[in-house]
2 protein chains.
Amino acid sequence: MKESRNRKPRVVIVGAGFGGLQAAKKLARKNVLITVIDRTNYHLFQPLLYQVATAALSPADIAAPVRSVLSKSKNVEVILAEVQSVTVEAKKVRTADLEFDYDYLILATGARHSYFGHNDWERLAPGLKSLEDAIELRRRILMAFEYAEKTNDEAARKAAMTFVIIGGGPTGVEMAGAIAEISRYTLAKDFRHIDPSRARVILIEGESRLLSAFPEDLSRSAQKQLTDLGVDVRTGVRATNLNEDGVQLGDEFIPCRVKIWAAGNNASFVGKTLGVPIDRVGRIVVNDDLTIASHPEVQVIGDLANFSYQTGEPLPGVSPVAIQQGRHAARNILAMIKGRKPQRFHYWDKGSLATIGRNKAVADLKFMHLSGLPAWVAWLFVHIFFLIGFRNRLLVLFQWAWAYLTFDKGARLITRNFQSEQRPPA
Amino acid sequence: MKESRNRKPRVVIVGAGFGGLQAAKKLARKNVLITVIDRTNYHLFQPLLYQVATAALSPADIAAPVRSVLSKSKNVEVILAEVQSVTVEAKKVRTADLEFDYDYLILATGARHSYFGHNDWERLAPGLKSLEDAIELRRRILMAFEYAEKTNDEAARKAAMTFVIIGGGPTGVEMAGAIAEISRYTLAKDFRHIDPSRARVILIEGESRLLSAFPEDLSRSAQKQLTDLGVDVRTGVRATNLNEDGVQLGDEFIPCRVKIWAAGNNASFVGKTLGVPIDRVGRIVVNDDLTIASHPEVQVIGDLANFSYQTGEPLPGVSPVAIQQGRHAARNILAMIKGRKPQRFHYWDKGSLATIGRNKAVADLKFMHLSGLPAWVAWLFVHIFFLIGFRNRLLVLFQWAWAYLTFDKGARLITRNFQSEQRPPA
């Protein structure tokens with residue numbers, strides 16, 4: 001594209017997660033041209049993804065089309081494409097078949113799971129980052145009960161009714177609690193040959209306690225609440241091997257059909273194409289103003305950024321960090337356009353929440369710690385409040401109210417790949 | 001299984017569509033043991049499938065887990081498996097790894113699309129029978145607009161914004177109307193480089209009029225209502241060839257990216273394994289009591305049955321026929337158990353409805369014909385009323401009310417196979 005003296009600055013935002021979307025909203029209707037590039041056509045409300053995986057919500061309940069969220073911002077164009085590389089010297093972003101020039105770039109491509117070098121484990125134990133992941137996990141969980149109902153092999157039945165979740169952070173805790181609940185309540189009366197409420201749910205954490213980012217008293221409370229639900233919590237234990245038949249924990253082998261990975265993240269590969277320092281999980285080490293070395297026009301936010309100026313540790317990969325960084329990056333761009341310098345970012349930590357099940361959760365509100373019902377109510381309000389779009393909020397509230405009253409979960413559909421599950425490889 | 005004089009009669013029902021499910025409900029809590037076998041874990045409300053394909057509803061809104069629908073009927077077991085054959089002499093039903101003995105059998109495995117010998121067309125122009133079909137069509141329709149937004153090739157853009165629907169029965173009419181509506185209202189403001197409201201929607205029907213099962217005045221009205229929506233309706237025209245680039249209609253080639261098949265059905269292959277007479281589309285020719293020749297213990301219902309005693313023509317493949325036949329088959333079994341003969345089936349035709357869009361539909365209520373708003377209101381009530389499960393009804397009603405007021409459609413998610421779409425085959 002030709003340069004012209006009075007043309008509007010071009011801002012490219014890669015990734016329409018919490019950080020990227022927030023930056024786009026903040027820059028909308030300012031005197032800039034914005035291109036938002038994402039490899040999906042929707043913004044995903046990731047904190048509720050585990051509810052899609054456990055059949056409480058439908059994909060569309062927690063996802064809003066990026067176009068529709070930004071439809072009124074006429075200075076924003078949305079491109080459905082996967083970015084393959086960034087050339088900071090030439091100020092170019094490349095997708096498979098297109099190239100975009102920018103004056104300012106915000107990189108917010110997030111993270112995927114990390115299998116610590118065992119990439120073959122991904123197939124055996126899927127993680128939970130995308131809608132496709134959630135649909136696949138839902139399928140595996142429901143298919144395990146279907147298989148248990150049909151088989152006459154007692155050992156196979158037991159393995160099908162054993163669910164191992166690897167990783168005791170918020171996602172692992174949520175998944176363990178949710179699987180325990182659907183087996184004990186939702187599915188309890190639907191089968192004739194098995195008793196779903198006798199399903200084993202095993203949660204494995206390598207550290208000495210669950211939710212290591214939370215205060216110790218809340219970790220203990222979460223463990224107790226999970227144990228009350230019947231979850232077998234094992235801390236200080238690591239999965240040393242996985243195969244089709246189960247999980248190896250040191251000397252013990254646990255036969256199980258469904259294995260779920262919630263243990264680690266790796267930042268998106270896009271970071272590696274920049275040629276700037278990255279940390280051991282692939283995050284870009286940013287300056288204290290979110291820019292990268294020698295390129296103040298490039299800012300990196302959210303799970304892709306390693307920002308360690310505040311606590312000495314990198315900020316955690318949670319949505320409030322991404323949202324605040326998205327807003328800050330937008331402000332920085334507006335400042336730079338006016339010839340001012342980008343400002344130092346400061347994260348305002350309002351606390352953390354993790355939910356376990358009906359009336360069960362933990363909340364670290366900084367000024368106080370909550371457990372059980374009060375924490376769960378706090379979780380409910382925060383998540384409904386921040387859910388994108390008025391329509392989704394009402395829909396989700398309705399489905400939660402329904403599930404709360406009836407213990408029923410509506411989205412128990414097994415779709416995709418059913419045929420391949422039916423006919424085991426010869 | 002061993003015979004015993006006082007054991008309960010075993011009823012196997014294959015297929016949990018409208019017919020099979022109705023039969024199971026009617027036999028629930030009677031003195032029989034029932035096995036319902038379906039290859040999916042849900043009952044699908046097929047009349048609303050086009051709304052999933054056009055992003056108005058989520059899969060879970062129109063599907064209910066078979067187990068959960070039948071959960072209170074303790075004499076019913078549900079098996080998730082695909083039946084591969086039936087041996088009427090031995091009274092056995094076979095799946096990939098299991099075998100079921102029956103005293104009475106109800107076959108209700110339905111139909112799939114028929115491509116009139118051109119099986120390679122299925123990949124080019126998917127039909128709309130399953131949730132997977134609907135998700136795939138939704139993906140193709142939404143991806144076409146995304147592609148049109150990105151490309152610089154004017155001819156490719158035009159082809160991406162041309163949608164050809166082959167077959168002018170109720171499904172074709174619904175799809176044509178719904179695609180015209182989302183392009184003209186829902187998507188209209190979401191793009192920057194294309195105007196979705198200029199999308200071409202072409203509906204092709206080989207016969208001289210649309211909706212040939214309806215009275216002529218309603219066919220004319222449907223055509224006018226579609227034309228008002230901007231649909232290009234072509235009757236008396238057949239697709240003579242399809243390829244990636246478009247559709248051949250005799251001498252004319254229409255370049256188009258998305259092609260949708262709504263032209264013909266073939267009954268499920270299970271019928272062919274029985275060794276009884278089938279018609280040219282694979283339907284089993286049943287006796288006037290729904291049983292098959294020499295085997296009164298076997299009944300065939302719904303889209304799999306050719307029942308021609310009432311009008312001289314086979315009854316149409318619509319849900320009221322399947323529902324009434326399901327109930328009748330259940331009654332026949334209860335009669336036969338008591339040593340009585342199965343009774344002749346009589347279809348009570350309450351009329352037909354086809355919807356076109358907001359305030360647009362046709363209804364043949366036998367005693368009167370309706371068009372436009374009154375037909376649409378009738379359609380709305382009938383479909384909400386018959387939707388399985390109280391929860392789904394409320395959810396769907398809410399989403400329709402929302403869509404009606406805002407023209408917004410909530411389920412605009414492109415999932416699955418996105419990667420393969422991104423990178424065209426080399």
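**Salt bridges and the chain contact**

Modeller: B:K366 forms a salt bridge with B:D349, with the closest N and O atoms 3.2 Å apart. A salt bridge here is a side-chain nitrogen of Lys or Arg within 4 Å of a carboxyl oxygen of Asp or Glu. This is a predicted model, where local features need pLDDT of at least 70 and side-chain atom pairs count only at pLDDT 80 or more, while totals for chains, interfaces and linings use all residues. Residues are numbered from 1 along each chain as its sequence is written, chains are lettered from A and ligands numbered from 1 in the order in which they are written, and side-chain values use heavy atoms, leaving out hydrogens and water.

Colleague: OK, and which parts of chain B does the pair B:K366 and B:D349 tie together?

Modeller: B:K366 lies in the loop between strand 24 (360-364) and strand 25 (369-371), and B:D349 in the loop between helix 9 (319-337) and strand 23 (352-357), so the pair ties together parts that are 17 residues apart in sequence. Helices (H or I, at least four residues) and strands (E, at least two) are DSSP runs, numbered from the N terminus.

Colleague: How exposed is B:K366?

Modeller: B:K366 is partly exposed, at 47% relative accessible area, and B:D349 is partly exposed at 29%. Buried means under 20%, exposed over 50%, and partly exposed in between (1.4 Å probe, protein chains only).

Colleague: How many salt bridges are there over all chains?

Modeller: The search finds 38. One of them joins B:E99 and B:R94, with 2.9 Å between the closest N and O atoms.

Colleague: Switching topic: how many salt bridges cross between chain A and chain B?

Modeller: The rule finds 2 across that interface. B:E146 pairs with A:R67 at 2.6 Å between the closest N and O atoms, and A:E146 meets B:R67 at 2.7 Å, N to O.

Colleague: Are A:E146 and B:R67 buried or exposed?

Modeller: Both A:E146 and B:R67 are buried.

Colleague: What about B:E149, where does that sit?

Modeller: B:E149 is in helix 5 (residues 131-150) of chain B. B:E149 is buried yet has no salt bridge, and the nearest side chain of opposite charge, A:R67, is 4.1 Å away. For charge, Lys and Arg count as positive and Asp and Glu as negative, with His and the chain ends not counted. A polar atom of the B:E149 side chain does lie 3.0 Å from the backbone nitrogen of B:R192.

Colleague: And how much area is buried between chain A and chain B?

Modeller: About 5200 Å², with carbon and sulfur atoms giving 54%. Buried area is the accessible area (1.4 Å probe) that two parts lose on being put together, summed over both. A:R67, A:R192 and A:R391 supply 14% of what chain A buries against chain B, more than any other three residues. In contact terms (heavy atoms within 4.5 Å), 53 residues of chain A touch 53 of chain B.

Colleague: Last one: what rotation superposes chain A on chain B?

Modeller: A rotation of 180° with 0.0 Å of shift along its axis, RMSD 0.0 Å. That is the relation of a two-fold axis. In chain A, the C-alpha nearest the axis is that of A:S58, 3.4 Å from it.

How values were computed:
Least-squares fit on C-alpha atoms with pLDDT ≥ 70 in both. Polar contact = N/O pair within 3.5 Å; in protein donor to acceptor, adjacent residues only side chain to side chain.
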